[in-house]
Amino acid sequence: MVIGAGPAGSAAAYACCAIGLRTLIVERATFPRDKVCGGCLSPSGMASLAEMGLAQSVRRVASPIHSFTLAAGNQSLAVRLDHQGIAVGRDVLDSLLLEHAVARGAIACRGASATLIDEAPDGCRLNVSEGSSSAVVTADVVVVADGLAGTFLPREGHWKMRTARRSHFGVGTRLVEHSSRSLCDPGEISMRCGGVGYFGAVRLSDGSIDIAAALSPEETRRLGGPGRAIRQLACESGASAHAETLERARWRGTPLLTRRRNVESDRIFVVGDAAGYVEPFTGEGMSWGLAAGLAVARHARARLQRTYNPGEWTLEWAQLAQRRRLACKATAIALRSPTILAASIMLANAVPSIAGVLSRAISGPWSLRASEPTRA
């Protein structure tokens, strides 16, 4: 059984069906649904979609990303990306991924919720509720992919979430084209940083602008809420023309972002955001989820075949995410000081070799080359 039908959950369901495992997906939401998300898939994420046979289908409903701009203060650095990822809304991507898993043989229970009753040597007992009805279901193996705010696992004991000190929280919105025409160009990830946090904007294939932000809880409360925090951030990073529109937008929130937990027990494997999260400044959250979902299936099969060695998924999860998670964590820490960041951008624009180093740091896995310097 798979809990959650986001990128990690649907990829896990697809991969489990591909190796012959009977798979049920339980998803609380009804699709299409939107979520707070940067809306970007890096080239590594596109490689996972290609492995699933979905890359071309997703490209047809997505926008290619070919540039990245970082702005802080009155300074900006523009980067051309050699290997293109995409921008795609979660309402579109999640629906395609779930449909693909169902086409491979998964059974989807949409609009239903599941909670863990207990885990025993003969299987996990779950309470699955849909509307006013509920039933107790037993699953041999459970893959948990219910996201940052998931409620399937308890928050105490073995499954306790450990949240990083000074963690930001996330907010997101989508703006129609006419209200944000110059906030970001087609094919561009536009990232803007300030004292309260940072936000990224990308243009989707329907012309709307997807915006996701990571904000300081303390500063956001001081300023009076996410809208005012984003307004200040825009003014500090050269986007004051959009400040009023951004303040009035309808912002949806997430829990604190940077957190970790155990990722396995005897019959449970945890993947995606449910397993832990670091602010993915370079747009890798969905890519991590897809890779983890595809990888966990063989561990589930090994558990069913009684050949699984405890700790193998924990080790593979660490190997999948650790290198880039460390880079994202270091970048997120650097972003806490927009004055230093603006000075670094100014220096990078003056010294090409430094521009290359900074570009690689902020753009991560996109295999980039630096373009001409610009001013915000």
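Me: The model is a predicted one. What is the handedness of the crossing of H2 and H8?

Reply: The crossing of H2 and H8 is left-handed. The axes of H2 (residues 43-52) and H8 come within 8 Å and cross at roughly 35°.

Me: Which residues make the contact of H2 and H8, and how do they divide by class?

Reply: H2 contributes Ser44, Gly45, Ser48, Leu49, Glu51 and Met52, while H8 contributes Ser287, Leu290, Ala291 and Leu294. By class, this contact has 5 nonpolar, 4 polar and 1 charged residues.

Me: Why is H1 called roughly parallel to H4?

Reply: The axes of H1 (residues 7-18) and H4 (residues 90-103) come within 8 Å and cross at roughly 15°. Angles under 35 degrees count as roughly parallel, and therefore H1 is roughly parallel to H4. The crossing of H1 and H4 is left-handed.

Me: Which residues make the contact of H1 and H4?

Reply: On H1 they are Pro7, Ser10, Ala13 and Tyr14; on H4 they are Arg90, Leu93, Asp94, Leu97, Leu98, His100 and Ala101. The residues of this contact divide into 7 nonpolar, 2 polar and 2 charged.

Me: What makes E6 and E18 edge strands?

Reply: An open sheet of 5 strands has the order E6-E2-E1-E10-E18, with parallel pairing. E6 (107-110) and E18 each pair on one side only.

Me: How do you know that E1 and E10 pair?

Reply: Two strands pair if DSSP finds at least two bridges between them. E1 (residues 2-3) and E10 (residues 142-144) pair in the parallel sense over 2 bridges, and the bridge partner of Ile3 in E10 is Val144.

Me: What joins E8 to E9?

Reply: E8 (residues 123-130) and E9 run antiparallel and are joined by 7 bridges; the criterion for pairing is at least two. Asn127 stands opposite Val136 in E9, and Leu126 stands opposite Val137 in E9. The hairpin of E8 and E9 has 2 residues between the strands, and in this hairpin Gly131 takes a positive phi near 65°.

Me: Why is the pair of Phe269 and Tyr308 called edge-to-face?

Reply: A search of the whole structure finds 2 aromatic pairs. The rings of Phe269 and Tyr308 have their centres 5.3 Å apart and their planes at 85°. Ring centres must lie within 6.5 Å, and planes over 60 degrees apart count as edge-to-face; the pair is therefore edge-to-face. The pair links distant parts of the chain, 39 residues apart: Phe269 is in E18 (residues 268-270), and Tyr308 is in the loop between H8 (285-304) and H9 (312-334).

Me: Which residues are in contact with Thr254, leaving aside its neighbours within four places in sequence?

Reply: Thr254 has its place in E16 (residues 252-256), and the residues in contact with Thr254 are Val36, Leu148, Phe169 and Gly170.

How values were computed. Residues are numbered from 1 along each chain as its sequence is written. This is a predicted model: local features need pLDDT of at least 70, side-chain atom pairs count only at pLDDT 80 or more; totals for chains, interfaces and linings use all residues. Side-chain values use heavy atoms; hydrogens and water are left out. Axes are lines fitted to C-alpha atoms, for helices over the stretch in contact, and angles run from 0 to 180 degrees between N-to-C directions. Helices (H or I, at least four residues) and strands (E, at least two) are DSSP runs, numbered from the N terminus. Angles under 35 degrees count as roughly parallel, over 145 as roughly antiparallel, 65 to 115 as roughly perpendicular and the rest as oblique. A crossing is left-handed if the near helix is turned anticlockwise from the far one by less than a right angle, and right-handed if clockwise. Contact means heavy atoms within 4.5 Å. Ala, Val, Leu, Ile, Met, Phe, Trp, Tyr, Cys and Pro count as nonpolar, Asp, Glu, Lys and Arg as charged, and the others, Gly among them, as polar. Rings of Phe, Tyr and Trp (its six-membered ring) pair if their centres lie within 6.5 Å; planes under 30 degrees apart count as stacked, over 60 as edge-to-face and the rest as tilted.
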